[in-house]
Amino acid sequence: MARNSSVRSELSALYKRLPWSAESLPGWTHTKDDGRYYESKRPDSPGWTDEEMRQVNYLRARQVELVTHIYAHDFWASCTDPVTARSALKHVTEAAAAPNRDG
């Protein structure tokens, strides 16, 4: 079964490869000389292809499915403090990956 963190990573990597706008939009350049607080610049966006949109929609739906499965699992009803238990679960892999400082 896919992990939510892998789906989130895959979606994040996809967003980085995609144009900044899902729709075809012109770019811009804003400078402080134009009265802007900070400078920003975007190239023209050709928009996303149908295939790119399908990939994004699939990964978003998969992420919601996984989160819902985890959040609504019967196990949480058996916890006296499910919020703290969920928070601890999020950090299990971090603790396992941390170097041993005992020696």
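**View 1. The two sides of helix H1.** On one side of H1, Lys16 and Arg17 are exposed, where exposed means over 50% relative accessible area, buried under 20%, and partly exposed in between (1.4 Å probe, protein chains only). Bear in mind that this is a predicted model: local features need pLDDT of at least 70, side-chain atom pairs count only at pLDDT 80 or more, and totals for chains, interfaces and linings use all residues. Residues are numbered from 1 along each chain as its sequence is written, and side-chain values use heavy atoms, with hydrogens and water left out. Now turn to Asn4, Val7, Leu11 and Leu14, which are buried in H1. They sit on the same side of H1 because they cover an arc of only 90 degrees around the axis (the arc is taken from the directions from the helix axis to the C-beta atoms). Helix H2 (50-71) is included in what covers the buried residues of H1.

**View 2. H1 from end to end.** Helix H1 takes in residues 4-17, 14 residues in all. Helices (H or I, at least four residues) and strands (E, at least two) are DSSP runs, numbered from the N terminus. How far apart are the end C-alpha atoms of H1? They are 20 Å apart, which agrees with the 20 Å that H1 should span at 1.5 Å a residue; the expected span is 1.5 Å times one less than the number of residues in the helix.

**View 3. The nonpolar core.** Eight residues make up the largest nonpolar core: Val7, Leu11, Leu14, Leu18, Trp48, Val56, Leu59 and Leu66. H1 and H2 are the elements that give two or more residues to this core. A nonpolar core here is a set of buried Ala, Val, Leu, Ile, Met, Phe, Trp, Tyr and Cys residues joined through side-chain atoms within 4.5 Å. Zoom in on leucine 11 and you'll find that it touches Val56, Leu59, Arg60 and Gln63, leaving aside residues up to four places away in sequence. Contact means heavy atoms within 4.5 Å.

View 4. Search the whole structure and you get two salt bridges, each a side-chain nitrogen of Lys or Arg within 4 Å of a carboxyl oxygen of Asp or Glu. One joins glutamate 51 to arginine 54, with the closest N and O atoms 3.2 Å apart. These two are three residues apart in helix H2, so about one helical turn separates them. Glutamate 51 is partly exposed at 42% relative accessibility, while arginine 54 is exposed at 51%. Another salt bridge pairs glutamate 65 with arginine 62, and here the closest N and O atoms are 2.9 Å apart. Both lie in helix H2, three residues apart, or about one turn of the helix.

**View 5. Aromatic pairs.** There are three aromatic pairs in the structure. Tyrosine 15 and tryptophan 48 form a tilted one, 6.4 Å centre to centre with 40 degrees between the planes. This pair links distant parts of the chain, 33 residues apart: tyrosine 15 is in helix H1, and tryptophan 48 is in the loop between strand E2 (40-42) and H2. Tyrosine 15 is partly exposed at 33%, but tryptophan 48 is buried at 16%. Tryptophan 20 and tryptophan 28 make an edge-to-face pair, 5.1 Å centre to centre and 80 degrees between the planes. Rings of Phe, Tyr and Trp (its six-membered ring) pair if their centres lie within 6.5 Å; planes under 30 degrees apart count as stacked, over 60 as edge-to-face and the rest as tilted.
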